[in-house]
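Visitor: Could you walk me through how to read some features of a model? I would like the general idea, then the case at hand.

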Amino acid sequence: MKLTFFKYQGTGNDFVMVDNRTKTFPKQNTDKISQICDRHFGVGADGIILIEKDTNYDFKMIYFNADGSETFCGNGGRCAVAFAKQLQLIKNKTTFLAFDGEHYAEINNDIVSLQMIDVEDIQIKENAVFAYTGTQHHVELVDNLDNYPVFENGKKIRYSYENPGSNVNFVQQINNNTFRVRTYEKGVENETLACGTGVTAVAIAMHKTNKTNSNTISLPVEGGNLAVSFTEENGCYKNVFLKGPATFVFKGTIEV
Ligand SMILES: N[C@@H](CCC[C@H](N)C(=O)O)C(=O)O
């Protein structure tokens, strides 16, 4: 079967986007998903996003990591909003459904501001913080992030959490409200250039552990710059917004 896809990237986190309103994509076939995401034998991407119809929302976003596992993706959510606009499903504001529930978003040129779920599952550990921001995230401050072994240490920590494991974010504080982040992503099983749910977890973890008193955090990542804002009420983080670019790269057709 021929598959028409659209390639998008959000700060270098890259995705194969498919308009699956006809429900023809073989989403149970994880081998197929991995093959499409393979950077040597397929299109190459960190994950695949399907846009489907939903009776109560503008659209439904379905996200699969490159290994075929399903979860939520923040940068993918931002790219889904840009893709829904390209498909003329939405104008500049939208409410859509995803793996972790309802999301509101606004798009202005290629900048997408995406509301994330309220975050209350935050666990403070000896040298790290765990937070659930639509998916699992370990957050750890390190020195010298440039030379830090993100792949080696990320892989070890990722499997120290019970199934399905955790993504792992290594962080260096730059100033009161700026934190640089490098992320090892489960499901990609490698460092990616950016992770939206990851920087959201970092911003909240840094606020929770008093590394910052700001509720607007700048997060430089390997592929660009992201920002997270929030309000905090009795330990629960609400009105959490992830903001950054979501860019169309190219359209193509492959045999699947
Ligand atoms: N890159 C994503 C996160 C994608 C999901 C992650 N790999 C997982 O399995 O939890 C983001 O931008 O949030």
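Guide: Gladly. Two residues are in contact if their C-beta atoms, placed from the backbone, lie within 7 Å. Leaving aside neighbours within four places in sequence, Cys195 is in contact with Asn13, Asn75, Asn167, Thr183 and Glu185. By that rule, and with such neighbours again left aside, Cys73 is in contact with Gly47, Tyr63, Gly196 and Thr197. This is a predicted model, in which local features need pLDDT of at least 70, side-chain atom pairs count only at pLDDT 80 or more, and totals for chains, interfaces and linings use all residues. Residues are numbered from 1 along each chain as its sequence is written.

Visitor: Which residues does UniProt list for "active site"?

Guide: The unreviewed UniProt entry lists Cys73 and Cys195. They span 123 residues in sequence, yet no two of their C-alpha atoms are more than 7.8 Å apart, so they gather at one spot. UniProt positions follow the numbering used here, feature names are shortened, and annotations may be inferred rather than shown by experiment.

Visitor: Where do Cys73 and Cys195 lie?

Guide: Helices (H or I, at least four residues) and strands (E, at least two) are DSSP runs, numbered from the N terminus. Cys73 is in the loop between strand S5 (70–71) and helix H2 (74–86), while Cys195 sits in the loop between strand S14 (190–192) and helix H4 (196–208).

Visitor: Is Cys73 buried or exposed?

Guide: A residue is buried if 20 or more other C-beta atoms lie within 10 Å of its own, exposed if 12 or fewer, and partly exposed in between, with C-beta atoms placed from the backbone. Cys73 is buried, with 29 such atoms within 10 Å, and Cys195 is buried with 36.

Visitor: Which residues come nearest the ligand?

Guide: A residue is near a molecule if its C-beta atom, placed from the backbone, lies within 6 Å of it. Of the 19 residues around the ligand, Gly74, Asn75, Thr135, Gly196 and Thr197 come nearest. The elements giving two or more residues to this shell are H2 and H4.

Visitor: Why does the ligand lie between domain 1 and domain 2?

Guide: Domain bounds come from an automatic or database domain assignment. Domain 1 (2–112 + 246–255) and domain 2 (122–245) both give residues to the shell around the ligand, so the ligand lies between them.

Visitor: How many of the residues of H2 are buried?

Guide: In H2, 11 of the 13 residues are buried, so this helix is largely enclosed by the rest of the structure.
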